[in-house]
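Hello,

Here is the structure we talked about. Please open it and keep it beside this email while you read.

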Amino acid sequence: MKNASTRTIVATGLGAALFLVLFMFVKIPSPVPETNLQIAYGVSGFFAALFGPVCGFLIAFIGHALNDFIAYGSPWWSWIVASGVCALITGISKGAVASKVEEGIFGFDEIKMFVIFTLIGQAAAWIVVAPILDIVIYGEPASLVFAQGVTAFIVDFITAAVVGCLLLKAYASTKTGKGTLSKE
Amino acid sequence: MKLKLFSYNQLDTPIHRLSGFTKLVCFLFLTSAVMFTYDIRCILAITVMSYICMNVAKIRFSQVRLMFIYVLIFLATNFVLTFLFSPKYGVEIYGTEHDIFTIFGNYTLTQEQLFYQITKFSKYLSVIPLGMIFFLTTNPSEFASSLNGVGINYKACTSLSLTLRYFPDVSADYNAIKLAQQARGLDMSKKASVMSRLKNISAILAPLIFTTMDRIELISNAMDLRGFGKQKTRTWYARKPLTKADWLSMGVCLIILLAVMYVRFFVNRSFYYNPFI
């Protein structure tokens with residue numbers, strides 16, 4: 001964050017606000033209790049792919065922490081850190097995705113990179129980080145937290161990958177690439 | 001917007017007078033104290049103290065009723081799920097088994113399980129008032145400056161203050177776009193199926209993202225023009241100097257944290273407090 005450009009800092013701030021709005025107001029209940037389809041993870045993935053891992057981490061971390069403060073009065077650190085880690089790992093795909101998208105290209109290669117890192121990020125967050133922190137900090141039984149983690153992983157991975165790809169595609173199509181002007 | 005957010009109100013109580021930095025530090029000390037222990041005595045002591053503080057800060061129950069309802073629903077679900085998934089977890093932790101009665105099959109209610117679940121319940125419940133006190137008595141503009149005071153990079157803190165500043169704007173945008181799409185006939189209520197709701201929500205998302213991206217350009221240009229980020233540090237308009245009361249309350253919270261650690265490492269010698277031996 002030390003050498004981040006002003007644009008990245010502002011993107012982080014507004015991205016977190018957007019994440020918070022979606023996290024709070026758009027909840028589509030899934031069949032499993034205590035889990036919702038969270039569109040917000042698609043948004044944090046979108047910003048992470050465009051602005052990098054640190055930006056993604058802060059968006060998900062700030063957004064999720066503020067949501068917990070507002071809804072429950074106190075943050076649930078294990079899941080907040082997991083949200084952040086998930087966007088952090090998705091952000092590694094920035095190198096392959098961001099510059100292409102700014103040129104208006106979001107083809108198969110970019111989709112592949114984005115989906116792979118989303119998969120790794122979501123798996124690391126919900127199957128490793130969240131359950132382990134739950135056990136260490138809150139002393140939850142392992143079978144419960146891993147069952148919750150796996151369902152959260154499946155639901156969130158699908159939402160994040162689909163929504164993230166749709167948004168990147170839409171954003172790329174508003175950009176004009178190099179050498180697209182042609183002489184008549 | 002039905003939900004009243006950041007319902008910070010300016011009052012003159014001892015807790016409001018403390019600087020945001022102090023409240024953040026105290027909040028972190030006390031929540032980590034609760035995190036490090038599974039001893040119901042320590043947890044209850046902190047709970048009682050934080051409810052007294054809530055009284056001192058003149059937080060009315062009507063302000064926080066909604067939060068409490070959410071938390072209680074959440075905790076009740078967690079309570080039931082914990083029992084369903086591992087009915088013998090308490091026995092595993094405490095090493096003894098005192099049956100109360102059998103519900104069916106393997107599901108025997110034991111004193112250990114009940115004790116474990118009640119401890120967990122109060123552990124979650126005890127941090128709620130702490131968060132509420134911190135959130136409802138700290139001026140939002142002071143929040144970011146206090147994080148910077150704890151040593152977090154000022155650029156990250158600026159992001160946070162931008163989030164707090166633009167949250168109402170983004171949610172107003174969200175509402176306007178949602179109403180516009182509903183006027184065009186997209187159904188987002190519970191009547192529509194999950195798939196069509198997902199599709200209709202994406203119709204809100206695209207315009208929302210594009211307005212936000214435009215706004216990002218605008219704000220970052222304005223900040224660049226004012227020379228943001230040229231120096232290693234920055235000053236904050238909303239920062240209070242620390243007084244004696246600030247140092248005193250940080251000291252008290254540190255002592256509580258140390259006392260809890262002492263109980264954990266030298267009295268109980270484990271994460272859990274075991275009354276069954």
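Below is what was found in it, starting with confidence and ending with single residues.

**Confidence**

Please remember that this is a predicted model. The mean pLDDT of chain A is 86. In chain A, 95% of the residues reach 70 or more. Among the elements of chain A, strand 1 (residues 28-29) has the lowest mean pLDDT, 71. Helix 2 (residues 40-51) of chain A has the highest, 92. Where pLDDT is low, the predicted coordinates should not be read in detail.

**Chain B as a whole**

Chain B has 10 helices and 2 strands. From the N terminus, its elements run α-α-α-α-α-β-β-α-α-α-α-α. The C-alpha trace of chain B spans about 70 × 60 × 35 Å along its principal axes. Its radius of gyration is 24 Å, whereas a compact globule of 277 residues would have one near 19 Å. Buried residues make up 33% of chain B. Now take the contacts in chain B between residues at least 6 apart in sequence: 75% of them join residues at least 24 apart.

**Where the chains meet**

How many residues of chain A are in contact with chain B? There are 43, and they meet 53 residues of chain B. Helix 1, helix 3 (53-72), helix 6 (108-138) and helix 7 of chain A each supply at least two residues to the chain A side. Helix 1 of chain A gives the largest share, 14 residues. By class, the chain A side has 33 nonpolar, 7 polar and 3 charged residues.

**Helix 9 of chain B**

Look at helix 9 of chain B next. It runs over residues 194-225, which is 32 residues. At 1.5 Å a residue it should span 46 Å, and its end C-alpha atoms are 46 Å apart, so the two agree. Which of its residues are buried? They are I204(B), L205(B), L208(B), I209(B), T212(B), I216(B), I219(B) and S220(B). These buried residues pack against helix 1 (6-25) and helix 7 (142-173) of chain A. They also pack against helix 8 (154-183) of chain B. Just after helix 9, G227(B) takes a positive phi of about 75 degrees.

**Helix 2 of chain A**

Helix 2 of chain A has 12 residues. From first C-alpha to last it reaches 16 Å, close to the 16 Å expected at 1.5 Å a residue. Is this helix mostly covered or mostly uncovered? It is mostly covered: 12 of its 12 residues are buried. Among them are A40(A), V43(A), S44(A), F46(A), F47(A) and L50(A). What covers these buried residues includes helix 1, helix 3, helix 4 (77-90), helix 5 (94-102), helix 6 and helix 7 of chain A. Just after helix 2, G52(A) takes a positive phi of about 100 degrees.

Start with A160(A), in helix 7 of chain A. Why is A160(A) counted as buried? It has 28 other C-beta atoms within 10 Å, and the cut-off for buried is 20 or more. A160(A) touches Y41(A), G42(A), G45(A), T118(A) and Q122(A), not counting residues up to four places away in sequence. Y41(A), G42(A) and G45(A) are also buried residues of helix 2 of chain A. The C-alpha atoms of A160(A) and I39(A) are separated by 6.9 Å, yet the two are 121 residues apart along the chain.

Then find K58(B). It sits in the loop between helix 3 (40-56) and helix 4 (61-85) of chain B. K58(B) has 15 C-beta neighbours inside 10 Å, so it counts as partly exposed.

Best wishes

Conventions
Residues numbered from 1 in each chain as written. Chains lettered and ligands numbered in written order. Predicted model: local features only at pLDDT ≥ 70, side-chain atom pairs only at ≥ 80, totals over all residues. Helix = DSSP H or I, 4+ residues; strand = E, 2+ residues; numbered from the N terminus. Expected span 1.5 Å × (residues − 1). Contact = placed C-beta atoms within 7 Å. Nonpolar A, V, L, I, M, F, W, Y, C, P; charged D, E, K, R; others polar. Rg over C-alpha atoms; globule rule 2.2 N^0.38 Å. pLDDT = per-residue confidence, 0-100.
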